[in-house]
Amino acid sequence: MIDINHISKTFKRSNEKYTALVDVSLKIDKGDYISVSGLSGSGKSTLLNVIGGLIRPDAGEVIYKGESIYDQSGRFLNLYRKKDVGFMFQQFHLMPYLTVVENIGLSCYQKSHADAINDYLEKCSLVNIKDKYPSDLSVGEKQRAAFIRAIISNPELLLADEPTGNLDPQNSEILMTLIEEFHKKGGTVVLVSHDPTAIKYSNSNIKIGLGRIHIPAQTAAHLIPAFSLGIT
Ligand SMILES: Nc1ncnc2c1ncn2[C@@H]1O[C@H](COP(=O)(O)OP(=O)(O)OP(=O)(O)O)[C@@H](O)[C@H]1O
Ligand SMILES: [Mg+2]
């Protein structure tokens, strides 16, 4: 479904350079549930943002259903971000001046999506706080609201950046069960996490260190494209 081919990304701030990704290649098939772990600063969020069409890499390609997403028009990228990808950000990024239900509404582009909001609010125990603003929510509530916003329009791919990073074990399990439901319905998941509670739900775990992917021997061979034998 997605081929990530030889991606590199270096951020430049005044005279400083921060290398986030070095020649990263990865294949994501429909229905995969891949977790990515690694030390802070190793490039996990950058990788997720590159896959999600949010950070243009310096080199390499992200091929989605045969199209190199960063070589397409702005309109293509907008539609990819809107329809194909659901993103749960490390810092939630809920809109502060919108209520829970209004934040979720931002992702709805068909009536059927809006019609499903109440069911999801119930499933995620958010019905009673649906008219609250993000600043008045607990961390677990914010994360569940961010989850609904990410999946309400049935994206093909859910990208979740440390979704349990700030949650207690009980809230972590609740959220991971919801992500697992999305996966079981045919969704594809890439999850960034250090949390063993979260990683155990994935089918394969990839380690990233200093911007390079380390694929454990036991990981499914399909994750390594034939042409990326150079990865360390
Ligand atoms: N916008 C940016 N400007 C400059 N440097 C950046 C930027 N974004 C990321 N970096 C740098 O790129 C590297 C990788 O960052 P990234 O956020 O991808 O790491 P991470 O693995 O997600 O870390 P964490 O576990 O702390 O979230 C780090 O050295 C970081 O400082
Ligand atoms: Mg990060």
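This briefing describes the nonpolar cores, salt bridges, magnesium site and cysteines of the structure shown above. The model is predicted. Its largest nonpolar core holds 33 residues, and a second, separate core holds 31. The count of salt bridges comes to ten, while the number of disulfides is zero. A magnesium ion, ligand 2, is coordinated by Ser-45 and Gln-90.

**Nonpolar cores**

- In soluble globular proteins, nonpolar side chains tend to be buried together.
- Within the largest core, of 33 residues, the members that touch the most other members are Met-88, Phe-147, Ile-148, Leu-158 and Ile-179.
- At least two residues of this core come from each of the helices α3 (100–105), α4 (111–123), α5 (139–151) and α6 (169–184), and likewise from each of the strands β7 (157–161) and β8 (188–192).
- Helix α5 supplies the largest share of this core, with six residues.
- Leu-158 illustrates the packing: leaving aside residues up to four places away in sequence, Leu-158 touches Gly-86, Met-88, Phe-147, Ala-150, Ile-151, Ile-179, Phe-182, Thr-188, Val-189 and Val-190.

**Helix α1 and the magnesium site**

- Helix α1 is mostly covered, with seven of its eight residues buried.
- The buried residues of α1 are Lys-44, Thr-46, Leu-47, Leu-48, Asn-49, Val-50 and Ile-51.
- The magnesium ion (ligand 2) is coordinated by the OG atom of Ser-45 and the OE1 atom of Gln-90, at 2.0 to 2.4 Å.
- Gln-90 is partly exposed, with a relative accessibility of 32%.
- Just after α1, Gly-53 adopts a positive phi of about 80 degrees.

- Lys-9 and Asp-58 form a salt bridge through their side chains, with an N to O distance of 3.6 Å.
- Lys-9 is in strand β1 (residues 2–13), whereas Asp-58 is in the loop between α1 (44–51) and β4 (59–64), so the bridge ties together parts that are 49 residues apart in sequence.
- Lys-9 counts as buried at 13% relative accessibility, whereas Asp-58 counts as partly exposed at 45%.
- A salt bridge also joins the side chains of Lys-30 and Glu-156, with an N to O distance of 3.6 Å.
- This pair links distant parts of the chain, 126 residues apart: Lys-30 is in the loop between β2 (16–28) and β3 (33–37), and Glu-156 is in the loop between α5 and β7.
- Lys-30 is exposed, with a relative accessible area of 55%, while Glu-156 is partly exposed, with 22%.

**Other salt bridges**

- Lys-184 and Glu-180 form a salt bridge in which the closest N and O atoms are 3.9 Å apart.
- Both residues lie in helix α6, where Lys-184 and Glu-180 are four residues apart, about one turn of the helix.
- Lys-184 is exposed at 68% relative accessibility, whereas Glu-180 is buried at 17%.
- Asp-3, Lys-27 and Asp-29 are linked in a network of salt bridges.

**Cysteines**

- The structure holds zero disulfides.
- A disulfide requires two cysteine sulfur atoms within 2.5 Å.
- For Cys-108, the closest cysteine sulfur is that of Cys-124, but the distance of 13 Å is too far for a bond.
- For Cys-124, the closest cysteine sulfur is in turn that of Cys-108, again 13 Å away and too far for a bond.
- Cys-124 is buried, with a relative accessibility of 1%.

**Strand β10**

- Arg-212 lies in strand β10 (residues 212–214) and is partly exposed at 35% relative accessibility.
- The C-alpha atoms of Arg-212 and Val-100 are separated by 37 Å, and these residues are 112 residues apart along the chain.

Note on methods: Residues are numbered from 1 along each chain as its sequence is written. Chains are lettered from A and ligands numbered from 1 in the order in which they are written. This is a predicted model: local features need pLDDT of at least 70, side-chain atom pairs count only at pLDDT 80 or more; totals for chains, interfaces and linings use all residues. Side-chain values use heavy atoms; hydrogens and water are left out. Buried means under 20% relative accessible area, exposed over 50%, partly exposed in between (1.4 Å probe, protein chains only). A nonpolar core is a set of buried Ala, Val, Leu, Ile, Met, Phe, Trp, Tyr and Cys residues joined through side-chain atoms within 4.5 Å. Contact means heavy atoms within 4.5 Å. A salt bridge is a side-chain nitrogen of Lys or Arg within 4 Å of a carboxyl oxygen of Asp or Glu. Donors are N, O and S atoms within 2.8 Å of the metal (3.2 Å for Na, K and Ca); water is not among the atoms, so sites may look incomplete.
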